Amino acid sequence: MIDAHIVVRRPAFTLDIALEVAEGEVVALLGPNGAGKSTTLRALAGLLPLSEGHIRVGGEEWRHRPADERPVGMVFQDYLLFPHLTALDNVAFGPRCQGVRRSEARRLAAEWLSRVGLAEHAGRRPRTLSGGQAQRVALARALAVRPRLLLLDEPLSALDVDTRREIRAGLRRHLAEFDGASLLVTHDPLDAMALADRLVVVEDGRVVQEGAPAHIARHPRTDYVARLVGLNLYRGVAEGHDVKLERLTLSVAESLGGEVFLAFPPSAVALFRRRPEGSPRNLWEATVGGIEPYGDQVRVHLEGPLPAAADITPAALAELGLAEGGPVWAAVKAAETHAYPA
Amino acid sequence: MNRRAPWALVLPALVALAFLVLPVAGLLVRAPWSTLGTRLAQPEILDALRLSVVCATLATVVCLFLGVPLAWVLARVSFPGRRLVRALVTVPLVLPPVVGGVALLLALGRNGLVGQWLYRWFGVSLPFTTAGVVVAEAFVALPFLVISVEGALRAADLRYEDAAATLGASRWTTFRRVTLPLIAPGIGAGAVLCWARALGEFGATITFAGNFPGRTQTMPLAVYLALENDPQAAIVLSLVLLAVSVVVLAGLRGRWTS
């Protein structure tokens, strides 16, 4: 069990994060660039002193322990494999530092390399390895020290899309087999959702939201998270099934009271050229702010009383004859909105 | 369109080039090529050459053992007065070598600050010995090594050292197994510079170690002396030093400079 409260003060930035990671659990720190994610990892690894706080691992205080005395494995963003050592010697480096005899360290390293599927690349130098292979050597090197805490800094960000998918699957399996605590840093929600049991969203040096990936995907609490999971997000005051937003009141399926968040996916928004017959309840007149392709759909950015993104088909776009700056009627079904306490 | 280079720059540039090349050309033109073989085989020349190479190599080894750690401390440890220490390291660089020799005598001479204790306790006296030559050369050449190794250390990616630390490597292990191999090219370049400087060293050597053939008379000293009574021999000796410099330069170009 890792229990950490990490405070790092810089002239223009303060990181203040409390974290708990259980043995066998995989936690993802998700956040925009500059949020303090990598700083958190460096502090846990002992590469950066805390200004305040604690790092307790199984009851032991790590705060004043130097990096080389912490049982931590770290996979760096660009792997940092030692260029002058072979893949095998890179992996054997950790065990050697722990006092394992050379032949035994190399045997262990060979075992780890074969576990990540690179047995036949043991003699290669890092610069002759592909990105995906280097990533796996870095993972093997970090695991070979038998860490209690595994730290991964953007482990997949240096890979191209296809390699990434393949390596992500492999990484998921190795993380599942690893019995210590794992903490990974990413700004890619897909990596976070695919790899982690729990997400901790960090913005501007603080935790803004944490929970299971599925829960966060449905209940974003900041604009950043809403954008990541692809939802329109608003804050308002609920009274029964009505939620009063800044300039509009929408009705929702849930019955709530007080401050709430209200979210709906862009695909739940229907667009009309004229005010539709029978007037559905959540209807408003908007202005088209922008139109852009979005996968095989078209994303329409709406301005007006309720700024929102709406996804429609290219055929619907042609039929509606939308133009930027032009008027449009928008509606969202109560059943597809989702409100939850703020 | 290619714009014409102004004469105000081209002319001095050509003069500078001639100024650098002419003396060397003169050396080649006036060399006694016909008797070169026999002269080269003279025992005095071979003695001086051997002594020079041995002393320069030993001085380089001394510089490596002392200079690399000093460069590491300057590059990796922050301590009060670091800038002052760095300035002190470069003093032998700007000090006239003769003054360096005098300073060495005052420090390591038989009555010197440290030298008297060396003599009293260990019976060691450095001035006017072959070891003295090595000391004088190392004194003058050390800054070259420290500066180029410190530069390499500063340019090296510190994150490799972080990676080593997370793998459980102490700072000493990290230095030995990660930093040193990573900056090997910088150390090589520094060692070559250091060796070349030691090989050509004159002022500090003659002041501190004297000029005894076979013991402390290195090539540069032999050249200077030969010029008085046998100018032809001076030219031959100079040619040998020139050849050595060219070989060193070629080695540097191939491996360590672009």
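**View 1. An open sheet of five strands in chain A of the predicted model.** The strands of chain A follow the order β13-β17-β14-β15-β16, and their pairing is antiparallel. At the edges of the sheet are β13 (269–272) and β16 (308–312) of chain A, each of which pairs on one side only. From one strand to the next, the twist averages 45°. Strands of a sheet pair through backbone hydrogen bonds, and the pairing can be either parallel or antiparallel.

**View 2. Strands β14 and β15 of chain A, side by side in the sheet.** Strand β14 of chain A covers residues 283–294, and strand β15 of chain A covers residues 297–303. The two run antiparallel and are joined by seven bridges. A:Tyr294 stands opposite A:Gln297, a residue of β15(A).

**View 3. Helices α9 and α10 of chain B, crossing at roughly 155°.** Two packed helices are described by the angle between their axes and the distance between the axes. Here, α9 (residues 159–166) and α10 (residues 171–182) of chain B have axes that come within 10 Å. Because angles over 145 degrees count as roughly antiparallel, α9(B) is roughly antiparallel to α10(B). The crossing of these two helices, α9(B) and α10(B), is right-handed.

**View 4. Residues at the contact of α9(B) with α10(B).** From α9(B) come B:Tyr160, B:Glu161, B:Ala164 and B:Ala165. They meet B:Thr174, B:Val178, B:Thr179 and B:Leu182 of α10(B). Sorted by class, the contact of α9(B) with α10(B) has five nonpolar residues, two polar and one charged.

Terms used
Residues numbered from 1 in each chain as written. Chains lettered and ligands numbered in written order. Predicted model: local features only at pLDDT ≥ 70, side-chain atom pairs only at ≥ 80, totals over all residues. Pairing = 2+ DSSP bridges. Helix = DSSP H or I, 4+ residues; strand = E, 2+ residues; numbered from the N terminus. Axes fitted to C-alpha atoms, helices over the stretch in contact; angles between N-to-C directions. Parallel < 35°, antiparallel > 145°, perpendicular 65-115°, else oblique. Left-handed = near helix turned anticlockwise from the far one by under 90°. Contact = placed C-beta atoms within 7 Å. Nonpolar A, V, L, I, M, F, W, Y, C, P; charged D, E, K, R; others polar.
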